[in-house]
Amino acid sequence: MLPLPASAQARLIAALDTTETAQAVSWARALAGRVGLVKVGMEFFTARGPEGFAAVAACGAPMFLDMKFHDIPNTVAGGVRAAALLGASMVTLHASGGPAMMAAAREAAQAGARAAGKPRPMLLAVTVLTSLSAEDMEAVGQPDSPTTQVVRLARLAAEAGIDAIVCSPHEIGAIRAALGRRVALVVPGIRPAGSAMGDQKRATTPGEAVRAGADWLVMGRPLTQAADPAAAAAAIAAEVAGASAAVA
Ligand code: C5P
């Protein structure tokens with residue numbers, strides 16, 4: 001596994017969910033140096049492409065490219081290699097793409113980084129999308145409980161050399177129980193106490209997530225919609241630092 005973030009601030013990931021480069025750049029400028037990484041996903045990348053990515057990267061924060069790749073191994077390898085050449089520090093894929101797909105991604109991350117003279121991006125696997133209910137999973141031929149399937153896919157990802165699992169705060173315990181610290185955990189669905197929930201139905205506070213065993217915390221609106229995003233990041237980092245000290 002790659003080294004874990006060294007400071008509370010480095011554990012924060014800001015999700016820049018927009019299609020507008022000017023908006024993403026404005027958030028990235030405010031948050032660079034206050035969070036560990038900034039995340040752009042398929043919404044931004046489909047609209048703005050490598051130019052938009054480069055404009056955000058130029059603000060100084062390491063980049064998380066959240067494309068959730070899922071295709072045949074050769075195609076995913078091509079996507080991951082391109083992400084490594086762009087200089088992404090974290091890249092997501094679906095563990096349900098299977099062991100060969102994940103192994104191909106791992107090799108491509110290494111090869112792309114070597115070609116670019118950059119560090120290898122961390123590969124993060126998504127297991128079961130939190131938007132899927134047990135009924136939805138049954139409809140696609142997956143009768144096991146969501147937790148059973150999450151742990152099965154997390155184990156498969158760890159065995160394929162994937163660095164981290166993206167999981168909800170409620171899945172941290174089951175994954176840690178099954179895999180210990182063989183994978184890092186990157187956790188969205190976080191809301192500082194008192195902030196608006198938006199469409200997150202079962203959110204956890206930063207402190208609770210860290211105490212449960214999260215390594216990185218992904219937050220969008222609590223940072224981007226704050227009156228002062230930098231101050232919001234500093235307050236959350238302080239909460240994370242307090243919770244980490246209690247865990248250590
Ligand atoms: O604004 P908010 O904090 O809800 O944003 C959370 C970010 O994490 C979004 O970019 C969202 O796509 C992502 N995410 C999530 N829940 C998951 C997986 C990813 O909210 N289960």
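Which residue has a polar backbone atom 2.8 Å from an oxygen atom of the ligand? In this predicted model, that residue is Gly220. Residues are numbered from 1 along each chain as its sequence is written. Because the model is predicted, local features need pLDDT of at least 70 and side-chain atom pairs count only at pLDDT 80 or more, whereas totals for chains, interfaces and linings use all residues; side-chain values use heavy atoms, with hydrogens and water left out.

Side-chain polar contacts (pairs of N or O atoms within 3.5 Å) involve Asp17, with an N or O atom 2.8 Å from a ligand oxygen atom, and Lys39, where the corresponding distance is 2.9 Å.

Helices are DSSP runs (H or I, at least four residues) numbered from the N terminus. Helix 1 (residues 21-31) packs against helix 2 (residues 42-57) at an angle of about 45°, with the axes 10 Å apart (axes are lines fitted to C-alpha atoms over the stretch in contact, and angles run from 0 to 180 degrees between N-to-C directions). Helix 1 is therefore oblique to helix 2 (angles under 35 degrees count as roughly parallel, over 145 as roughly antiparallel, 65 to 115 as roughly perpendicular and the rest as oblique). The contact (heavy atoms within 4.5 Å) is formed by Thr21, Ala24, Val25 and Ala28 of helix 1 and by Phe44, Arg48, Gly52, Ala55 and Val56 of helix 2. Six of these residues are nonpolar, two polar and one charged.

For helix 6 (residues 146-159) and helix 7 (residues 172-179), the axes come within 10 Å and cross at roughly 45°. Thr147, Val150, Val151, Ala154, Arg155 and Ala158 of helix 6 meet Ala174, Ile175, Ala178 and Leu179 of helix 7.

Conventions
Helices (H or I, at least four residues) and strands (E, at least two) are DSSP runs, numbered from the N terminus. Ala, Val, Leu, Ile, Met, Phe, Trp, Tyr, Cys and Pro count as nonpolar, Asp, Glu, Lys and Arg as charged, and the others, Gly among them, as polar. A polar contact is a pair of N or O atoms within 3.5 Å; within protein, one must be able to donate a hydrogen and the other to accept it, and residues adjacent in sequence count only if both atoms are side-chain atoms.
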